[in-house]
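Take a look at the model below. Then read on for a short tour, part by part.

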Amino acid sequence: MSRATLAPEHDARVRATRARLAPLAAEHPFTPRFHAQPHGAGMLLQHYVDEGPHAGEATLFVHGNPTWSFAFSHALLAQRAERRCVAVANLGCGHTATP
């Protein structure tokens, strides 16, 4: 999600999430990305990782509860050179907003 499309309250949440992820950079060295998910009259930010070449095959990683995309860190690192890897965090998990 580009910064230009974020509402001011979402921009602050994205900055806070990036700060919380900084200590995990050695094990989870991915750029945190967010998708604004419609929810009622507002929007919720859904965290995801999107790594690797966007041409060709992709692998989608979907976790169970209660966890987040960190569970796939080693697999993402191993596969991102060869294929696109997308790991989503379910609503209410990891760095995704809670409805």
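## A buried aromatic ring

Phe-61 has a relative accessibility of 9%, so this residue counts as buried. The model is a predicted one. Which ring does Phe-61 pair with? A search of the whole structure turns up one aromatic pair. Its members are Phe-61 and Phe-72.

Phe-61 sits in strand 3, which covers residues 58-62. Phe-72 sits in the loop between strand 3 and helix 2, and helix 2 covers 73-79. The pair therefore ties together parts that are eleven residues apart in sequence. Phe-72 is buried too, with a relative accessible area of 19%. The cut-off for buried is under 20%, so Phe-72 falls within the buried class.

## The overall fold

Now step back to the whole chain. The protein chain has two helices and four strands. Along the sequence, they follow the pattern α-β-β-β-α-β. Of the 99 residues in the chain, 35% are buried.

Residues 24 or more positions apart account for 63% of them. The chain exposes about 5800 Å². Carbon and sulfur atoms supply 56% of that area.

## The nonpolar core

Which residues make up the largest nonpolar core? There are seven: Phe-30, Val-49, Phe-61, Phe-72, Leu-76, Cys-85 and Ala-87. In soluble globular proteins, nonpolar side chains tend to be buried together.

Ala-87 is found in strand 4. Its relative accessibility is 0%, so Ala-87 counts as buried. Leaving out residues up to four places away in sequence, Ala-87 touches His-47, Tyr-48, Val-49, Phe-61, Ser-69, Phe-72 and Leu-76. The C-alpha atoms of Ala-87 and Ala-71 are separated by 9.6 Å, and these residues are 16 apart along the chain. Cys-85 has its own set of contacts. With residues up to four places away in sequence not counted, Cys-85 touches Val-49, Asp-50, Glu-51, Thr-59, Phe-61, Leu-76, Gln-79 and Arg-80.

## Three salt bridges

How many salt bridges does the structure hold? It holds three. In one of them, the side chains of Arg-84 and Asp-50 meet at 2.7 Å, N to O. Arg-84 lies in strand 4 (residues 84-88) and Asp-50 in strand 2 (residues 42-51). This pair links distant parts of the chain, 34 residues apart. Arg-84 is partly exposed, at 25% relative accessibility. Asp-50 is buried, with a relative accessible area of 10%.

Arg-80 forms a salt bridge with Glu-51. Their closest N and O atoms are 3.1 Å apart. Arg-80 is in the loop between helix 2 and strand 4, while Glu-51 is in strand 2, and the two are 29 residues apart. Arg-80 counts as partly exposed at 28% relative accessibility, and Glu-51 counts as buried at 12%. Glu-57 and Arg-83 also meet through their side chains, at 3.0 Å, N to O. Glu-57 belongs to the loop between strand 2 and strand 3, and Arg-83 to the loop between helix 2 and strand 4. They are 26 residues apart. Is Glu-57 buried or exposed? Glu-57 is exposed, with a relative accessible area of 57%. Arg-83 is partly exposed at 24%.

## A serine and a glycine

Ser-69 is in the loop between strand 3 and helix 2. Ser-69 is buried, and its relative accessible area is 0%. What does Ser-69 touch, not counting residues up to four places away in sequence? The contacts are His-28, His-47, Val-49, His-63, Leu-76 and Ala-87.

Gly-92 lies in the segment after strand 4. Gly-92 is partly exposed, with a relative accessible area of 38%. The C-alpha atoms of Gly-92 and Gln-46 are separated by 8.8 Å. Along the chain, these two residues are 46 apart.

Terms used:
Residues numbered from 1 in each chain as written. Predicted model: local features only at pLDDT ≥ 70, side-chain atom pairs only at ≥ 80, totals over all residues. Heavy atoms only, no water. Phe/Tyr/Trp six-rings, centres within 6.5 Å; stacked < 30°, edge-to-face > 60°. Buried < 20%, exposed > 50% of the residue type's maximum accessible area, 1.4 Å probe, protein only. Salt bridge = Lys/Arg side-chain N within 4 Å of Asp/Glu carboxyl O. Core = buried A, V, L, I, M, F, W, Y, C linked by side-chain atoms within 4.5 Å. Contact = heavy atoms within 4.5 Å. Areas by Shrake-Rupley, 256 points an atom, 1.4 Å probe, with all protein chains shown as cover.
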